[in-house]
Amino acid sequence: MQPFSRPENTSPMRLIVHADDCGLTPAVSADIFACLAQGPLNSVSVIMGGSHATESLRRLAALPYTRVCLHLNLLEGRCSAPIPQVRPLVTADGVFRHSLGQLLIALACAVGSRKKALLCAIRTEFEAQIDAFTTAFPQWRQRGGLHLDGHLHVHTIPALATTMRGLLHERAPAYVRLPREPAHLPPLPAAQLLTGCARRALLALWSARFVSLLDQAGIAHNDFLCGLVSGGNLTATRAAKALAAIRRQSQTSPLVEIMCHPGGQKADDPCLRHSAFYHSPARYVEKTMLLDGSLSAVLRRYGRPCAFAAAKAS
C-alpha cells in the first residue's frame, strides 16, 4: 500500500483523542479504561459528580501518558459543594435538578436576588469541583496544569461569561476546551443530522464569545472540536467528514480534539438524568471505533496525535 500523501497546501493537525464522562459510573469508566489500554485514546475528562470519580482519578494517576481534565458539570449526578450552598441547582439530596434547557431558561428568566443566588451557586459549585479534582488528583501539576472542559459545554453558556471570567482569573487553568466545529454534513439519519447541525450552530455562537475571553486571559485552547454534529454517534466515517471540514479552514497545524463517548455497558444510577444514553448502542459503536483501528486509520490521514507525559517533579 502506498503511504498517504498530504496535499502540499495543508499542514498536519495536532490531534487529541478524548473521552468525556470518566468517573460518571463504574460501567462508563470501565469502557473508557478499556479504550485507554488499546486504542488511540490519549485524553479523558473526569466528572466529579459521578459515583466513580475518585477511583477513576486513582487509576489515571498510574497512566502518565494520558491527559486528565476536569469535566465541569451542572446537570448530571451529585453536587460537589455543600448542599445548602448550591440550593438553586440541586434537590434536597444534592442531585442536580436541571436539564440543559431548564438551566438556560432559569438563567434567562431569573432576575434580582434570584439570579444572583443562581449565579453564586454555579460559581460555588465550579469552585468545589476544582477543589475536589485537585485534591483527588494531586498529579495535575505534573500533567500540564489544570485542564477544563464542560458537560454539554456548560462552561461556554453566554450568561455565565462573567462567572467564568472570574473563575478563570482566580484558578488560572492551563487549557480550556472550545466547542467549535466547522459546518459539515456527516452521514447521519435525518433527525440526528438536524439535531446535530442545530447543536453545532448554537455552540459556534457560544464559542465566538468564549474564545475572546480565553484569549484575553492568555489561556490555551483547541482550535476545533470534532464530534459536535455527530455527538454521541461518532464513527470513523463521520470523524473523517468533520476533519475534512476542519482541513478546509486552511489553518496551520490546528489543534483538534476528537470528542468521544465510548460506552455500551449497563450504567444504571438513580442520579443519572440520561441513563439510557450512557449504555446506548451508539456508545458501543464509539467504543468499537476506538478499539478496532478504524479511527486510527482516519487520524493518520489528517495529522499526528499529541504526546502527553507527566513532567518530573523538581
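Guide: A charge sits over a ring if NZ of Lys or CZ of Arg is within 6 Å of the ring centre and within 35 degrees of the ring normal. The model is predicted. R180 lies over the face of F224, at 5.6 Å from the ring centre. R59 lies over the face of F33, and here the distance from the ring centre is 3.9 Å.

Helix α1 covers residues 26-38 and helix α2 covers residues 53-60. Two packed helices are described by the angle between their axes and the distance between the axes. For α1 and α2 the angle is about 15 degrees, with the axes 11 Å apart. Angles under 35 degrees count as roughly parallel, and α1 and α2 are therefore roughly parallel to each other. Their crossing is right-handed. On the α1 side the contact is made by S29, F33 and L36, and on the α2 side by S56, R59 and L60.

The structure holds one aromatic pair. It is formed by F133 and F137, with 5.8 Å centre to centre and 45 degrees between the planes, and is tilted. Both partners are buried: F133 has a relative accessible area of 1%, and F137 has a relative accessible area of 0%. Each counts as buried because the cut-off is under 20% relative accessible area.

Terms used
Residues are numbered from 1 along each chain as its sequence is written. This is a predicted model: local features need pLDDT of at least 70, side-chain atom pairs count only at pLDDT 80 or more; totals for chains, interfaces and linings use all residues. Side-chain values use heavy atoms; hydrogens and water are left out. Rings of Phe, Tyr and Trp (its six-membered ring) pair if their centres lie within 6.5 Å; planes under 30 degrees apart count as stacked, over 60 as edge-to-face and the rest as tilted. Buried means under 20% relative accessible area, exposed over 50%, partly exposed in between (1.4 Å probe, protein chains only). Axes are lines fitted to C-alpha atoms, for helices over the stretch in contact, and angles run from 0 to 180 degrees between N-to-C directions. Helices (H or I, at least four residues) and strands (E, at least two) are DSSP runs, numbered from the N terminus. Angles under 35 degrees count as roughly parallel, over 145 as roughly antiparallel, 65 to 115 as roughly perpendicular and the rest as oblique. A crossing is left-handed if the near helix is turned anticlockwise from the far one by less than a right angle, and right-handed if clockwise. Contact means heavy atoms within 4.5 Å.
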